[in-house]
Amino acid sequence: MLIRTAILLAGAVAGMVAAVAAARFPGYSPAAGSPVAVAAHLVAGGSLVVAAVPGARRRPGAAFRVLLGAAGVCWMLTGWTNPEIAVSAAFAAGLLLSPAVPVLTAHALLSYASSTRTRLMIAGYAGFALVAVGSGVLSDPRGSGCGTCPVNPLAIWHLPGAALWSIRAGMLMAAISMIGVAVVLCERLARASVARRRRLASLLVPGVAYLVAAAAAYGLALPAGYVSTAPPDTILWYAQAAALTAIALGTGVHWARLRRTRARLAALVVETAGSPPPGGLSDALARTLGDPGLRVYYPLDDGRLVDADGTPATPAREAAITRLTRGGALVALLAHRHSLFDDENQDESQIGALSAATRLALENERLRAHTRARLADLRASQTRIVQAGDAERRRLERDLHDGAQQRVVALSLSIRLARLRCPDAGRAALLEEAEAEVRAAVADLRAVAHGLYPGVLSSEGLAAAVDALADEFPLAAEGLSGRRYEPSVEAAAYLVVAESLKRGRPGEARLRAMESGDLLRLEIHLDGPLGDGLDDLRDRVGALDGTLEVLPLDGGETLIRVGLPATPCTPGTASV
């Protein structure tokens, strides 16, 4: 607050005194040449002072703004060199401090661009010192014939020749320093990324223009040792005033950008204070940072990356990746557009605020993504186990059908032929009994094979397999089409229906099938209790991301509801 007050007070006093002096003695300098010139003088200096106030105590940027405010005050002190100012101390202050404007502005611009060129600044301040000594210490305007000028209390000696050479040397050194700083700023702009260049340009472009104009003004004033009111000097003075005003406006743009960023951070804090839904953190960061394509990815222990839903994901190739670590361990990856953080990397407090605002939400979403990924892995493992079991059932069913069953059938035919050719009636009766036993064994083998995995389910699908069940049990089925589903889905649906009928032993059963969205729904209505329940099949259905409910009804009846993903059959897998 003290720095702000000092800058504002000094700027106000300097501006008022300069305006009064210009009104009493117009035309003394370019700054007092006309009302327009006075207005330009006050606007340029006043805008620099005002631009320095908002962040005079903040870091980073405090040095830049203090230097800019000091330059604004010194700019207005050029009006104090007017002979009609009457106050000797003010007159001397104008002579001594007004040459500091270029070097203070150059120093401020280098500070803003995060550049340290010590030699250039030493040359600039040395040039300012020589000009100040020459015009304020070695020269007394009264001694040079200015009868209306007040006494210069700083004039120790009146050495016009030495004062002129000191001023010339100072102007030359200052001009060289200004050109050097302008070159450095242009180089910084050229090497910056597009986003960073856009941010720097609002200040550095008018800054370079001011430095070039100030150096040119020193070059024109070099022979005489002072700035005259001739047209070239006046034009360069107006150029300097316009450039300084543009620098102040650029500072305002920078300040507005910081305010907008902080407002977004505040909104982000509020938005992530609760528990955002999966993916909500990515959306909030995308809105805050202005990058719609920004996404957050979380690494798993096995090296895979998953999104907020725990689904394996890979950042786009063209995206830039920022690693978020804690204690050296990778926590998350930000995939975003290139140079996103170049907009903000001059204000470390913003990056720190962003990290603090998202730390809790990031940790919550990371844990949730890990949990979802583990659940997905577990479900996939269960699915693979079920599929492997089904494949083994199908293999056993084929082996029984094509191997043992065929051999037993062949044995039955051989016994029949032997019985027909046998002349002995007693032996023929024995062979007939053996043939009956073999036929019974064939029937048992068929039942075992059918129980393992019905061949009709593999070849013709769920509807045909349920029709085959209806031949064994009192089942009325409706709603099943000839559509084929994934073998694991068909097997689970068939086993639930078959086991319900076997364990319930109903006098009458009804099956109703329907598709709802991506789900195949089955309702099995039994006219009696289920018996042992279906807990063993609940895990099989759950492994396919399905549901199984057993609901006892009034009168001892039972309703079984099944929901399975209606995943269409992949070509080539139905008959495996």
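Tutor: Let us go through the terms one by one, setting each value against its definition.

Tutor: This is a predicted model, where local features need pLDDT of at least 70, side-chain atom pairs count only at pLDDT 80 or more, and totals for chains, interfaces and linings use all residues. Residues are numbered from 1 along each chain as its sequence is written, and side-chain values use heavy atoms, with hydrogens and water left out.

Student: Why is Ala 493 called buried?

Tutor: Buried means under 20% relative accessible area, exposed means over 50%, and partly exposed lies in between (1.4 Å probe, protein chains only). Ala 493 has a relative accessible area of 0%, so it counts as buried. Across the protein chain, 45% of the 576 residues are buried.

Student: What makes Arg 540 buried or exposed?

Tutor: The relative accessible area of Arg 540 is 12%, so Arg 540 is buried. This residue belongs to helix α16 (residues 535–543). Helices (H or I, at least four residues) and strands (E, at least two) are DSSP runs, numbered from the N terminus. By that rule the protein chain has 16 helices and nine strands.

Student: Which residues does Arg 540 touch?

Tutor: Contact means heavy atoms within 4.5 Å. Not counting residues up to four places away in sequence, Arg 540 touches Val 386, Asp 390, Arg 393, Ala 491, Ala 492 and Leu 495. With the same exclusion, Ala 493, which sits in helix α15, touches Leu 462, Leu 522 and Leu 564. The C-alpha atoms of Ala 493 and Val 541 are separated by 8.3 Å, although these residues are 48 apart along the chain.

Student: What makes a group of residues a nonpolar core?

Tutor: A nonpolar core is a set of buried Ala, Val, Leu, Ile, Met, Phe, Trp, Tyr and Cys residues joined through side-chain atoms within 4.5 Å. The largest one here has 67 residues, and Trp 75, Val 181, Leu 185, Leu 204, Tyr 210, Leu 211 and Leu 244 touch the most other members. A second, separate core of 36 residues includes Leu 520, Ile 524, Leu 548 and Ile 560. In soluble globular proteins, nonpolar side chains tend to be buried together.

Student: How do you know how helices α4 and α6 pack?

Tutor: Two packed helices are described by the angle between their axes and the distance between the axes. Axes are lines fitted to C-alpha atoms, for helices over the stretch in contact, and angles run from 0 to 180 degrees between N-to-C directions. For helix α4 (residues 88–97) and helix α6 (residues 118–136), the angle is about 145° and the axes are 7 Å apart. Leu 95, Leu 96 and Leu 97 in α4 meet Phe 128, Ala 132, Ser 135 and Gly 136 in α6.

Student: How many residues of each class does that contact of α4 with α6 have?

Tutor: Ala, Val, Leu, Ile, Met, Phe, Trp, Tyr, Cys and Pro count as nonpolar, Asp, Glu, Lys and Arg as charged, and the others, Gly among them, as polar. By these classes, the contact of α4 with α6 has five nonpolar, two polar and no charged residues. The buried residues of α4 are Ala 90, Phe 91, Ala 92, Gly 94 and Leu 95, and their cover includes α3 (62–77) and α6.

Student: How do you know that β8 and β9 pair?

Tutor: Two strands pair if DSSP finds at least two bridges between them. Strand β8 (residues 547–552) and strand β9 (residues 558–565) run antiparallel and are joined by six bridges, so they meet the definition. In β9, Leu 559 is the bridge partner of Leu 551. The two strands form a hairpin with five residues between them, and Gly 555 in the turn has a positive phi of about 85°.

Student: Why are β5 and β8 said to stand at the edges?

Tutor: Five strands form an open sheet in the order β5-β6-β7-β9-β8, with mixed pairing. β5 (475–478) and β8 each have a single partner strand, so one side of each is left without a neighbour in the sheet. Ignoring direction, neighbouring strands of this sheet are turned by 15° against each other on average.

Student: What makes the pairing of β5 with β6 parallel or antiparallel?

Tutor: β5 and strand β6 (residues 509–516) run parallel, joined by four bridges. Glu 478 stands opposite Arg 512 in β6.
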